[in-house]
Amino acid sequence: MDPLLTIIPQAAQALRSGKLVILPTETVYGLGADAENAQSVAAIYRVKGRPSNNPLIVHIKDIDSAARYGHINQTAKRLADIFWPGPLTIVVKRSSNCPLAETLSAGGTTIALRSPNHPVAQALLEEFGKGIAAPSANRSGRVSPTTAAHAESEFSPRPREIAMILDGGPCRVGIESTVVDCTQETPVILRPGSITKEMIEAALCRSLTTITNTSSLLKSPGMLESHYAPSLPVRLNAKEAMPGEALLTFGKNAPKAEKILSLSESGDLNEAANQLFASLRTLDNPAYSGIAVMPIPEAGIGIAINDRLRRAAAKKD
Ligand code: TXA
Ligand code: MG
């Protein structure tokens with residue numbers, strides 16, 4: 001057995017005692033808490049510096065556990081059947097007598113549910129036996145962590161609320177889950193991810209809406225313009241680096257620059273998604289004046305990559 005799995009009971013105990021545990025998922029690392037304990041959920045908001053109007057995702061083992069918390073309508077059931085465990089978060093109405101902390105819904109009546117596809121996350125969910133609320137394990141507004149070391153560096157010195165960091169290796173997907181709101185007649189993608197609009201449409205045999213204008217909508221505040229942002233300015237669709245800039249490239253025949261990192265030399269969008277946040281972290285170094293990013297094709301998971309890059313480049317308040 002993986003030695004990591006021997007510390008799962010300890011992590012479950014930490015959650016039961018109200019502490020936070022950083023855990024790996026296939027998308028990014030999460031900052032986990034007992035989703036039924038309002039004080040633990042409050043600790044997530046405090047430690048992350050997260051605005052209280054931004055609701056949290058509850059991670060569950062499977063669709064049966066989801067039904068305790070949310071009203072799983074036909075659309076939600078079909079998506080869960082096809083994509084869980086996996087990088088899809090489904091927003092549904094809270095069930096009546098839902099035992100989850102109210103604050104998870106940030107004043108609303110819905111709940112975001114996801115069954116993660118990672119053996120460590122699954123083992124912890126199994127051992128803990130309840131939902132685990134977990135936003136990405138970064139301070140609010142910053143780049144999500146895709147390794148345990150990145151998560152650790154976000155919270156240093158480590159606040160006493162965080163009992164443990166479970167190291168499950170680098171995340172396979174590297175970009176946060178697709179969020180789809182299933183509470184409406186027509187499902188709406190609130191955040192693009194590796195499960196694309198086309199995949200969801202094929203699963204449901206119908207077309208759906210993607211929200212593009214975020215300023216009018218604070219339904220999913222993860223859609224706030226500036227988000228996933230490094231400290232340095234980020235310049236998109238660059239053809240080359242300006243003096244002092246570091247360059248993030250995609251594909252072959254990249255121009256020369258003082259400092260270059262490639263998201264994928266072969267032009268593979270999955271590899272680019274996997275490398276995105278780690279690359280932004282590496283280049284976010286005061287030795288450079290900014291980060292220039294070459295164009296990424298707006299197709300498939302490229303849509304999610306460009307979404308995160310636009311937010312990284314958005315002007316901060
Ligand atoms: O891949 C992921 O989703 C990762 C891993 C840890 O599972 N988690 C993650 O959580 O990215 P977070 O908190 O960084 O992003 C959650 C997103 C936010 O955009 C939030 O606004 C949205 O989900 N969200 C959560 N609950 C919602 C709800 N009830 N209605 C609409 N959007 C919701
Ligand atoms: Mg996040």
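A crossing of two helices is called left-handed if the near helix is turned anticlockwise from the far one by less than a right angle, and right-handed if clockwise. Helices (H or I, at least four residues) and strands (E, at least two) are DSSP runs, numbered from the N terminus. The structure is a predicted model, in which local features need pLDDT of at least 70 and side-chain atom pairs count only at pLDDT 80 or more, while totals for chains, interfaces and linings use all residues. Residues are numbered from 1 along each chain as its sequence is written, chains are lettered from A and ligands numbered from 1 in the order in which they are written, and side-chain values use heavy atoms, with hydrogens and water left out.

Helix α1 (residues 8-16) passes helix α5 (residues 119-128) at an angle of about 60 degrees, with 9 Å between the axes. Axes here are lines fitted to C-alpha atoms, for helices over the stretch in contact, and angles run from 0 to 180 degrees between N-to-C directions. The two helices are therefore oblique to each other; angles under 35 degrees count as roughly parallel, over 145 as roughly antiparallel, 65 to 115 as roughly perpendicular and the rest as oblique. The crossing of α1 and α5 is right-handed. On the α1 side, the contact (heavy atoms within 4.5 Å) uses I8, P9, A11, A12, L15 and R16, and these meet V120, A123, L124, E127 and F128 of α5. By class, the contact holds nine nonpolar residues, no polar ones and two charged ones. In this grouping Ala, Val, Leu, Ile, Met, Phe, Trp, Tyr, Cys and Pro count as nonpolar, Asp, Glu, Lys and Arg as charged, and the others, Gly among them, as polar.

Helix α4 (residues 74-83) and helix α7 (residues 197-204) have axes that come within 10 Å and cross at roughly 115 degrees. The pair is therefore roughly perpendicular, and the crossing of α4 and α7 is right-handed. From α4 come T75, R78, L79, I82 and F83, and from α7 come M199, I200, A203 and L204. Seven of these contact residues are nonpolar, one is polar and one is charged.

For helix α8 (residues 269-283) and helix α9 (residues 302-313), the packing angle is about 25 degrees and the axes are 9 Å apart. That angle makes α8 roughly parallel to α9. The crossing of α8 and α9 is left-handed. Here L269, A272, A273, L276 and F277 of α8 touch G302, I305, R308 and L309 of α9. The contact of α8 with α9 is made up of seven nonpolar residues, one polar and one charged.

A polar side-chain atom of S177 is 2.5 Å from an oxygen atom of ligand 1, and a polar side-chain atom of T27 is 2.6 Å from an oxygen atom of the ligand. R114 also places a polar side-chain atom 3.0 Å from an oxygen atom of ligand 1.

Some backbone details are found in loops. W84 and P85 are joined by a cis peptide bond with omega of about -5 degrees, and P85 sits in the loop between α4 and β4 (88-93). The peptide bond from S156 to P157 is cis too, with omega near 0 degrees; P157 belongs to the loop between α6 (148-154) and β7 (162-165). C205, a residue other than glycine, has a positive phi near 55 degrees, and C205 is placed in the loop between α7 and β10 (209-210).

Terms used
A polar contact is a pair of N or O atoms within 3.5 Å; within protein, one must be able to donate a hydrogen and the other to accept it, and residues adjacent in sequence count only if both atoms are side-chain atoms.
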